[in-house]
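Please keep the sequence and the model at hand while reading.

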Amino acid sequence: MVKIVSTMRKIAADFVHTVSGPTRSATVVVLDDQHVIREIAPISQYDSASVEYCPGHLMPGFVNAHCHLELSFMKGQIPERTGLIEFVQQVVAIRDNFSAEEQEAAIVAAEEEMLQGGIVAVGDISNDTRSFFQKAKGQLRYHTFVEVFDLGPAMTEASKKTGQDVLDAIPHVPGHTASLTPHAPYSCTPELFRWISAYNQERGLLGMSIHNQEQPDENQLFLDKTGDWLQFIKHMQLDYSWFVPSGKSSLQTYLDYLHPAQGWLFIHNTFTTPEDIAAAHKAGQQVYWGFCPNANLYIEDRLPDYVKFLQAGAQCVVGTDSLASNHQLSIWSELQTIRQHAPDIPFTTLLPWATLNGAACLGFQDTLGSLEVGKQPGLIWVPAKESDPLLSTVAPHRLA
C-alpha cells in the first residue's frame, strides 16, 4: 500500500487581502497540494523556515467578468477610437478572414495570457463553438454566455435554434457553466429577450450578460427612433419597421422583458444614468454592473462615471472585453485604468470588483473570489511596498 503524503504550502506577506474580511498584516495563508486554503493565521504561529515570505500583497485570483475569447485573433486589426458603430462594422467585415489555425493559436495564447496575469475565471461571450476546444482543457473556470441576436422577427426562430445548438455543444468540464444571453437591446427583439429569460429560468441557468448603453445613440434609438444606430441598421438593409420607440432609455425599456429573479450583468454602461441604475435595482434581485475601461477607451474614448455607481450601492465587476478592442487581457491593467480616471476610489473598494463580486456574478463564489478556509481561489502576489499596490508599477505574480 502506497501512503499518499499531502504537503502544505505556507505563504506570508505584509498585506493579505482576504476581500471577504479585513486586510491582515504579517499573515500566513496555508494551502494544501490542491491549492485549497486550509488556514489563515498570524506569521508568529509558524517557524519562519517553513514559510515562503513574499514581501508586499497577497490577494485572491482575479475574475474576468466579460471577455470574448473567440475574437482573440483580431488583436491589432481594428483601429482605436473609431466609435462603436464603426467598430462593429469592422468586426463583421473581418471576422471570417483568418484561418482556423490562426484563430486557434490566438485563442490558446489569449488564455495563457489570462492565466499568467492571475485570472482564475472568465465570463466569456460565445456566438459559436470556435473557442470550445480550449475551454475543454479546463485550465480556467468559465461561465459561457451563449450570445444570440435576431435584429427582427424574421430571424427570431433561427436565432433561438442557433443559441440552443451552441449551448448544447458546451464542453462538459467540471466547474464550467453556461447560459443564453441577448447581445444588446438594439439587436434583439422583445420576443427574443423574453424567450431567453424564460429559457434560462426554466432550466435554472445563471442569467444574462448584456452589452448596455455603450454608445449614446443607443438611448436615442429607444427614445425616438433616431440617431446613428438607425442609420447603421438601414445601411445593413435590415427591416427595422417592427421597432417601436418606448420614449425611455434602452435599459429602462428592456428591463420589462427580464425575469426579476435571474442574475443580470450589464456590460460597459458608459451612458447609464443614475435613473437607469435605480430602475434596474428596483426591478432585479441580482444586478451587477460590468466595466471594461480599456475597451471603452479603445472604442469610444470615454469611460463611465464610476462614482455614481458606488453612490447607488451598485455591485460592480471588471472585464477585459476582447483583444479586438484591447491591447491585453489583464484585470490588473483594468483596475489601474479605473484608478487613473477615478483616483479617489480606494483599492479596498476596487479589489472586490475584480475578485469576489465577479465570482458571485458568475456563480463561482463557492470556491473563488476571497481568501477563506475551504476555498480554492488562486493566490496573487504583488511585490509592492506601498499600502496601495495600484501605486506600484510592478505586475502581479500568480503563486497558486
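Arg-339 counts as buried because its relative accessibility is 11%, where buried means under 20% relative accessible area, exposed over 50%, and partly exposed in between (1.4 Å probe, protein chains only). The model is predicted: local features need pLDDT of at least 70, side-chain atom pairs count only at pLDDT 80 or more, and totals for chains, interfaces and linings use all residues. Residues are numbered from 1 along each chain as its sequence is written, and side-chain values use heavy atoms, with hydrogens and water left out.

Arg-339 belongs to helix H12, residues 331-341; helices (H or I, at least four residues) and strands (E, at least two) are DSSP runs numbered from the N terminus. With neighbours within four places in sequence left aside, Arg-339 is in contact with Ile-345, Pro-346, Phe-347, Leu-350, Asp-388, Leu-390 and Leu-391, contact meaning heavy atoms within 4.5 Å. With the side chain of Asp-388, the Arg-339 side chain makes a polar contact at 2.6 Å. A polar contact is a pair of N or O atoms within 3.5 Å; within protein, one must be able to donate a hydrogen and the other to accept it, and residues adjacent in sequence count only if both atoms are side-chain atoms.

Side chains of opposite charge can pair when their charged atoms come close. A salt bridge is defined as a side-chain nitrogen of Lys or Arg within 4 Å of a carboxyl oxygen of Asp or Glu. The count by this rule is 16 salt bridges.

One of these joins Glu-52 to Arg-9, with the closest N and O atoms 2.6 Å apart. This pair links distant parts of the chain, as Glu-52 is in strand E4 (residues 52-53) and Arg-9 in strand E1 (residues 9-17), 43 residues apart. Glu-52 is partly exposed, at a relative accessible area of 32%, and Arg-9 is partly exposed at 28% relative accessibility.

Glu-80 and Arg-81 also form a salt bridge through their side chains, at 3.6 Å from N to O. Here Glu-80 is partly exposed, with a relative accessible area of 35%, whereas Arg-81 counts as exposed because its relative accessibility is 52%.

How is Lys-375 classed, buried or exposed? Lys-375 counts as buried, at 7% relative accessibility. Its salt-bridge partner is Glu-372, at 3.3 Å from N to O, and Glu-372 is partly exposed with a relative accessible area of 30%. Elsewhere, salt bridges that share partners join Glu-70, Arg-95, Asp-96, Asp-128 and Arg-130 into one network.
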